[in-house]
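This report describes selected local features of one protein chain. Please examine the structure shown below before reading on.

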Amino acid sequence: MAAIQEGSWVLLTLSSGEKQLARLRRGAVARSGRARIKLDPIIGAPSGGLFLVHDNELIYDERTSEEMDEVVARIAGEGGSGSSNAQLVDDGLAQSLDAAQIKRLKTNGASGEEVLRALATSSKTFAGKTAFSQEKYLKKKAKKHMQWLTASAPTALSIVDMHTAKSPEKVLGLRRDTLSILLSLSNAQPHARVLVLDGMQGLLIGAIAQRLGGDGALLAAN
């Protein structure tokens, strides 16, 4: 798997599902809510690699995003579950672990997974929840206490997906299936000479250039 080079663009996919484009330079940061995450550890890492977010710093992790998603399900299944939530009272007093104690755990080096496990064991009602409710509760907590992201080389389709979710007007509402049809009908391939009229911030131009593979000519108008 190719290493990500300094100066290149990367597509960041956060555990929350948000996607961002970032230019990798020393000292570059990405924003996630109020947090400013330092991106230096991504330089030289394999494309598609996963990083844990800890105190706004990135720590490379060899697990995949699928394996990270399984962590919540595994913690939820460790202590058994109830058959119904009917007897549970949501009075806001079930969780005995407060914000200061959670902060202390993190300061002492506790991982996101350890924080989630502590939250589960410190809840008076967690064991009585149904398995579905337990997993739902932990997923909500994981968004705050077990954050991670992946960094990969952007493609035309992944950029379309990002804009579709955040700001479809920037690419004129283009979807990935429509882009695929455009690229297929264009018959763009190495050694071709292509004229492109682009009103989508260069997305179509980049997609055609990718298809040419460095051999051919592309005249762009916008």
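Asp55 is exposed, because its relative accessible area is 59%; exposed means over 50%, buried under 20%, and partly exposed in between, with a 1.4 Å probe and protein chains only. The model is predicted, so that local features need pLDDT of at least 70 and side-chain atom pairs count only at pLDDT 80 or more, while totals for chains, interfaces and linings use all residues. Residues are numbered from 1 along each chain as its sequence is written, and side-chain values use heavy atoms, with hydrogens and water left out.

Asp55 lies in the loop between E5 and E6, and the place of Asn56 is in that loop between E5 and E6 as well. Strands (E, at least two residues) and helices (H or I, at least four) are DSSP runs, numbered from the N terminus. The hairpin of E5 and E6 has 2 residues between the strands. Most residues other than glycine have a negative phi. The table lists two residues with a positive value.

| Residue | Phi | Relative accessible area |
|---|---|---|
| Asp55 | near 55 degrees | 59% |
| Asn56 | about 65 degrees | 32% |

Asn56 counts as partly exposed.

Strands pair if DSSP finds at least two bridges between them. E5 (residues 49–54) is joined to E6 (residues 57–61) by 5 bridges, and the two run antiparallel; here Val53 stands opposite Leu58 in E6. E5 also pairs with E7 (residues 148–152) in the antiparallel sense over 4 bridges, and Leu52 stands opposite Trp148 in E7.
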